Amino acid sequence: MSESRPYQEFTAGLSNFGFGKINFFRIDYVRSYNGGAFAKDGIMIGVKKSF
C-alpha cells in the first residue's frame, strides 16, 4: 500500500476589481502544500461571466 500525502490549497482574492465601470475582473493568489511542505504558488486573473 502506498502512503498518500495530504494536499491543501489556500486562496485569497479580490472580486469586482477594476476602475470605474470596468470592474468585472477577479484576482486570486493561490498557495499549495503537499504533505505539509510548500509546493507551488501563483496568481489567477479572471473575468466575471455576466457584466
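Student: Is Arg26 buried, partly exposed or exposed in this model?
Tutor: The model is a predicted one. The relative accessible area of Arg26 is 36%. Buried requires under 20% and exposed over 50%, so Arg26 counts as partly exposed.

Student: Which side chain meets that of Arg26 in a salt bridge?
Tutor: A salt bridge needs a side-chain nitrogen of Lys or Arg within 4 Å of a carboxyl oxygen of Asp or Glu. The N to O distance here is 3.0 Å, and the count for the model comes to 1 salt bridge. The partner of Arg26 is Asp28.

Student: Is Asp28 buried or exposed?
Tutor: Asp28 has a relative accessible area of 10%. The limit for buried is under 20%, so Asp28 is buried.

Student: Which residue in E3 stands opposite Asp28?
Tutor: E2 and E3 run antiparallel and are joined by 10 bridges. Across this pairing, the residue of E3 that stands opposite Asp28 is Met44.

Student: In what order do the strands of the sheet lie?
Tutor: The sheet is open, has 3 strands and pairs in the antiparallel sense. E1 and E3 are its edge strands, each pairing on one side only. From one strand to the next the twist averages 15°. The order is E1-E2-E3.

Student: How many bridges pair E1 with E2?
Tutor: Strands of a sheet pair through backbone hydrogen bonds, either parallel or antiparallel. E1 and E2 take the antiparallel sense. Among the facing residues, Thr11 stands opposite Val30 in E2, and Phe19 stands opposite Ile22 in E2. The number of bridges between E1 and E2 is 10.

Student: Which residue takes a positive phi in the hairpin of E1 and E2?
Tutor: This hairpin has 2 residues between the strands. The positive phi is near 60°, and the residue is Gly20.

Student: What is the phi of the glycine in the turn between E2 and E3?
Tutor: E2 and E3 also form a hairpin, with 2 residues between them. The glycine in the turn is Gly35. Its phi is positive, at about 70°.

Student: Which residue other than glycine has a positive phi near 55°?
Tutor: The residue lies in strand E1. The name is Asn16.

Student: How many aromatic pairs does a search of the whole structure find?
Tutor: A pair of aromatic rings is described by the distance of the centres and the angle of the planes. For rings to pair, their centres must lie within 6.5 Å. The search finds 3.

Student: What is the geometry of the pair formed by Phe10 and Tyr33?
Tutor: The ring centres are 5.9 Å apart and the planes stand at 75°. Phe10 in strand E1 and Tyr33 in strand E2 are 23 residues apart, and the pair links distant parts of the chain. Planes over 60 degrees apart count as edge-to-face, so the pair of Phe10 and Tyr33 is edge-to-face.

Student: Which residue pairs with Tyr33 at 6.3 Å centre to centre?
Tutor: This pair is edge-to-face, with 75° between the planes. Ring pairs link Phe10, Tyr33 and a further residue into a cluster. That residue, which forms the pair with Tyr33, is Phe38.

Student: Are Phe10, Tyr33 and Phe38 buried, partly exposed or exposed?
Tutor: The relative accessible area is 47% for Phe10, 23% for Tyr33 and 42% for Phe38. Values under 20% would be buried and values over 50% exposed. Phe10, Tyr33 and Phe38 are therefore partly exposed.

Student: What is the area of the nonpolar surface patch?
Tutor: The patch is made by Leu14, Phe17, Ile22, Phe25, Tyr29, Ile43, Ile45 and Val47. Strands E1, E2 and E3 each give two or more residues to the patch. The area is about 790 Å².

Student: Is Ile43 buried or exposed?
Tutor: Ile43 lies in strand E3, and Tyr29 stands opposite Ile43. The relative accessibility of Ile43 is 65%. The threshold is over 50%, so Ile43 counts as exposed.

Student: What distance separates the C-alpha atoms of Lys49 and Phe24?
Tutor: Lys49 lies in the segment after strand E3 and counts as exposed, at 85% relative accessibility. Lys49 and Phe24 are 25 residues apart along the chain. Their C-alpha atoms are separated by 8.6 Å.

Conventions. Residues numbered from 1 in each chain as written. Predicted model: local features only at pLDDT ≥ 70, side-chain atom pairs only at ≥ 80, totals over all residues. Heavy atoms only, no water. Helix = DSSP H or I, 4+ residues; strand = E, 2+ residues; numbered from the N terminus. Buried < 20%, exposed > 50% of the residue type's maximum accessible area, 1.4 Å probe, protein only. Patch = residues over 30% accessible without salt bridge, like charges linked within 9 Å, V, L, I, M, F, W, Y side chains within 5 Å. Areas by Shrake-Rupley, 256 points an atom, 1.4 Å probe, with all protein chains shown as cover. Phe/Tyr/Trp six-rings, centres within 6.5 Å; stacked < 30°, edge-to-face > 60°. Pairing = 2+ DSSP bridges. Axes fitted to C-alpha atoms, helices over the stretch in contact; angles between N-to-C directions.
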